[in-house]
Amino acid sequence: GLVIDGRTLAYALEPILEDKFLALAKRCRSVLCCRSTPLQKSMVVKLVRDKLKAMTLAIGDGANDVSMIQVADVGVGISGQEGMQAVMASDFAIPRFRHLEKLLLVHGHWCYSRLANMVLYFFYKNAMFVALLFWYQFYCGFSGSSMVDQWYLIFFNLLFSSLPQLITGVLDKDVPAEVLIAVPQLYKSGQ
């Protein structure tokens, strides 16, 4: 593990030393930056995100964590005694730190699964609609006549673009929550 304080971190984040700091941090299983300023927190997250091309997650519980949460790809705010500033700046909010495991392993896995299925669904929905218009042009002799009334087109997109998301978002759970908590390796399969 690497433990670095704010004064030392100020030197490590200088442009000359940041690559060496990042190489050292990559060799460690955990890196703890203590007594650092909000700007330093955001600079560490930005350094990891930009240099390693990794997706970053920032977790904070107070106003001093807002800049770090905003720089990260995904921000989690913990509502606590320091106020609600971190929660207001974050993508996700949890009441206690112990809920982070369920947020990542269960809801993260389900989110990956749902997004992948919805991307495929939209691709095939639009491909079928374009194929229908394409074949209709052969039928009407490329006259440019409209195949369907505009109201039908509006209701088609409204029906097939809103209801499947609602149903999928509420009901689609490919693996039960208990199994996802018990076998954390399943999270990687979603990626």
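Gln 85 touches Ala 63 and Val 66 when residues up to four places away in sequence are not counted, contact here meaning heavy atoms within 4.5 Å. The model is a predicted one, in which local features need pLDDT of at least 70 and side-chain atom pairs count only at pLDDT 80 or more, whereas totals for chains, interfaces and linings use all residues. Residues are numbered from 1 along each chain as its sequence is written, and side-chain values use heavy atoms, with hydrogens and water left out.

Gln 85 is found in helix 5 (residues 85–89), where helices (H or I, at least four residues) and strands (E, at least two) are DSSP runs numbered from the N terminus. The relative accessible area of Gln 85 is 40%, and this residue is therefore partly exposed, a class lying between buried (under 20%) and exposed (over 50%), computed with a 1.4 Å probe on protein chains only. Gln 85 and Gln 137 are separated by 52 residues in sequence and by 56 Å in space, C-alpha to C-alpha.

Strand 4 (residues 74–78) runs parallel to strand 5 and is joined to strand 5 by three bridges, with Ile 78 standing opposite Ile 94 in strand 5.

The protein is divided into domain 1 (2–95) and domain 2 (100–190), with bounds taken from an automatic or database domain assignment, and the domain centres, taken over C-alpha atoms, are separated by 34 Å.

Conventions. Pairing = 2+ DSSP bridges.
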